[in-house]
Amino acid sequence: YERRFPTCPLIPMFVASDTVNEYKSEDEAIHVIERRCKLDIDAPRLLKKIAGVDYVYFVQKNSLNRRERTLHIEAYNETFSNRVIINEHCCYTVHPDNEDWTCFEQSASLDIKSFFGFESTVEKIAMKQYTSNIKKGKEIIEYYLKQLEEEGITFVPRWTPPVACKLESSTSHPRRPVSPAINIPDSATKEGLNNKEILNTSSSPSEPTAGTPDDKLDADYIKRYLGDLTPMQESCLIRLRQWLQETHKGKIPKDEHILRFLRARDFNIDKAREILCQSLTWRKQHQVDYILDTWNPPQVLQDYYAGGWHHHDKDGRPLYVLRLGQMDTKGLVRALGEEALLRYVLSINEEGLRRCEENTKVFGRPISSWTCLVDLEGLNMRHLWRPGVKALLRIIEVVEANYPETLGRLLILRAPRVFPVLWTLVSPFIDDNTRKKFLIYAGNDYQGPGGLLDYIDKEIIPDFLGGECMCEVPEGGLVPKSLYRTAEELENEDIKLWTETIYQSASVFKGAPHEVLIQIVDASSVITWDFDVCKGDIVFNIFHSKRAPQPPKKDSLGAHSITSPGGNNVQLIDKVWQLGRDYSMVESPLICKEGESVQGSHVTRWPGFYILQWKFHSMPACATTNLPRVDDVLASLQVSSHKCKVMYYTEVIGSEDFRGSMTSLESSHSGFSQLSAATTSSSQSHSSSMISR
């Protein structure tokens with residue numbers, strides 16, 4: 001990095017630099033150098049003339065810490081600092097899971113107060129210049145690495161303290177680098193210690209050891225179950241998995257499934273984490289994990305849905321055959337409704353995941369996707385019936401969001417002339433990566449070179465495609481109109497299908513908490529809860545009252561009960577009630593952040609009415625100034641920013657069902673309750689809650 005100075009041929013705009021300040025510690029572990037850099041910005045000549053400058057100057061401060069193995073780079077503009085504020089921060093650190101890897105993180109901010117009426121132009125120039133520099137970053141690093149190799153320098157020894165420093169620090173614990181990219185356990189980087197000493201000095205009973213096998217991916221395991229991964233892809237998988245372990249205890253998907261979401265977002269951790277969390281919440285809300293065990297498809301689907309699993313392709317992928325041209329999509333939608341069809345497709349995808357696991361074991365290599373063969377013979381304008389296409393688009397949307405990278409290949413056979421019309425309607429909803437896996441054959445082209453035999457063994461080509469293998473996929477056909485349902489019946493059925501979830505959704509607004517009433521007849525009953533914070537930050541409270549609150553009633557402003565698309569909002573505690581007189585708090589408030597999953601329980605001490613409350617959590621004011629931040633002011637103007645969403649489930653276990661099981665609750669006690677932490681007898685109040693940041 002130091003070789004970029006005083007100037008760099010690969011950065012034409014970087015004209016020159018002068019050292020303004022420099023500091024080195026006695027042991028040479030710390031080296032701080034401040035430079036004034038001269039830049040020739042690629043801007044219109046007219047703008048430079050108006051501004052009255054040919055060059056702009058930046059101050060850059062580099063702080064190298066050889067002991068911690070970090071390099072921090074800070075830069076800000078000196079020119080026009082009263083009109084434009086530019087701040088940039090870069091950080092090089094050691095990767096927490098592999099000391100031979102380097103982490104790099106970069107951030108920048110631009111604030112244009114005024115610039116002679118050319119504010120928009122300056123912003124575009126700055127963004128263009130910044131983007132260009134980022135793209136060149138890797139090229140510059142490789143350039144200087146090659147230069148070093150040409151000079152015979154292939155290894156830079158790690159810094160070691162002078163002998164005196166070693167003696168002084170021999171009794172202290174070495175410090176460990178922290179990766180700023182994501183909050184995960186950090187690997188120990190020690191000098192002069194063997195592996196055993198590293199484990200002893202870097203772990204404690206309350207902290208997972210980064211050197212354990214759980215935090216590493218074994219090479220044989222990768223080859224056997226995950227396939228070829230680059231070091232960066234392996235690192236992304238480890239980091240995302242550990243983040244899930246911290247925030248979704250007991251709900252961690254398998255590595256193969258996490259990897260699908262990473263691949264779907266080109267291993268961008270933030271994007272993959274977002275869609276994975278949304279999918280996990282969706283699976284939990286609709287009990288998708290249990291769909292194969294708890295849901296039986298209606299007989300109409302079993303008789304007239306022309307699709308099914310049929311052996312595997314040449315790559316070992318499970319093969320699903322769909323005779324779409326023989327299927328009466330209009331009849332199925334009229335007889336079953338959109339939701340039943342969607343649920344059936346979800347069960348097919350869940351079965352596909354299960355078959356991928358089985359084939360991985362059978363073939364001894366990772367198989368994470370399946371092949372779909374779609375026969376379009378018989379496709380006509382009837383299949384373009386608008387409600388049917390609408391149902392198809394919804395199914396595609398749900399599958400794309402929750403089963404990414406599960407389709408290995410899609411073979412579309414005997415595409416008729418009407419197919420381009422259907423493709424035009426459907427293709428915009430299909431991900432670009434998925435579309436690349438489509439192979440489309442018109443007429444009998446699939447029988448020629450590059451056709452079906454390239455992907456499926458001759459012995460298992462279905463009989464209806466000219467093969468010798470009997471295919472047990474239903475032939476479809478028209479659904480009898482006697483099985484059609486009215487719109488009202490279908491609507492009620494749809495509601496029934498998707499309200500079978502045990503979880504409820506609620507919206508929480510600033511000044512309008514959501515409250516749930518639980519009546520307890522027998523003391524020592526157990527109130528249990530399980531909730532996910534889907535949006536915003538909330539405070540969770542538990543109250544007790546001897547008298548029942550008034551049932552929620554809608555007033556002119558809807559203050560007591562609000563219904564929103566995201567869930568209900570019910571308030572039970574009357575505004576005239578006073579805490580300590582009309583009701584009491586039985587647990588300390590628990591602050592829960594967005595994305596957290598919380599499970600807990602409370603052993604009631606008295607009969608009466610208990611109120612579980614989810615309340616909006618206001619962000620604390622900025623500690624460094626009394627003035628409100630711009631973000632806070634903007635947020636206060638937007639009602640949507642004052643809305644949180646939770647998905648919750650509560651249950652009461654009677655005291656007679658709970659006797660003798662108190663130890664199971666106490667074993668998972670995590671300090672949620674400070675009011676009842678000292679109590680031990682079964683007649684007193686106990687609480688436990690598991691939460692992960």
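Select R69 to begin, in the loop between β3 (56–65) and β4 (70–77), where strands are DSSP runs of E of at least two residues and helices are runs of H or I of at least four, both numbered from the N terminus. The phi of R69 is near 60°, a positive value in a residue other than glycine. R69 is partly exposed, with a relative accessible area of 24%; on this scale buried means under 20%, exposed over 50% and partly exposed in between, with a 1.4 Å probe and protein chains only.

Before going on, note that this is a predicted model, in which local features need pLDDT of at least 70 and side-chain atom pairs count only at pLDDT 80 or more, while totals for chains, interfaces and linings use all residues. Residues are numbered from 1 along each chain as its sequence is written, and side-chain values use heavy atoms, with hydrogens and water left out.

Next, select E28, in the loop between β1 and β2 (30–39). Its phi is near 65°, again a positive value in a residue other than glycine, and E28 is exposed, with a relative accessible area of 52%. From there move to P6, in the segment before β1 (14–24), and display the backbone as well: F5 and P6 are joined by a cis peptide bond, with omega about 5°.

Now show helix α6 (residues 231–247) together with helix α7 (residues 255–264), whose axes come within 10 Å and cross at roughly 115°; the axes are lines fitted to C-alpha atoms, for helices over the stretch in contact, and angles run from 0 to 180 degrees between N-to-C directions. That makes α6 roughly perpendicular to α7, given that angles under 35 degrees count as roughly parallel, over 145 as roughly antiparallel, 65 to 115 as roughly perpendicular and the rest as oblique. The crossing of α6 past α7 is right-handed, a term for the near helix being turned clockwise from the far one by less than a right angle, anticlockwise being left-handed. To see the contact (heavy atoms within 4.5 Å), select C236, L237, L240, R241 and L244 in α6, which meet D255, I258, L259 and L262 in α7.

The contact is made by I258, F261 and L262 of α7 with I269, A272, I275, L276 and S279 of α8.

Continue to F363 in helix α12 (residues 338–363), a residue that is partly exposed, with a relative accessible area of 29%. Leaving aside residues up to four places away in sequence, F363 touches H312 and G316. F363 and G316 are 47 residues apart in sequence, yet 7.0 Å apart in space, C-alpha to C-alpha.

In helix α14 (residues 419–426), select the buried residues, F419, L422 and V426. Seen down the axis of α14, they fall within an arc of 65°, so they line one face of the helix; the arc is that of the directions from the helix axis to the C-beta atoms.

Finish at D537, in the loop between β14 (526–535) and β15 (538–545). At 16% relative accessibility, D537 counts as buried, and a polar atom of its side chain lies 2.9 Å from the backbone nitrogen of E594.

Technical notes. A polar contact is a pair of N or O atoms within 3.5 Å; within protein, one must be able to donate a hydrogen and the other to accept it, and residues adjacent in sequence count only if both atoms are side-chain atoms.
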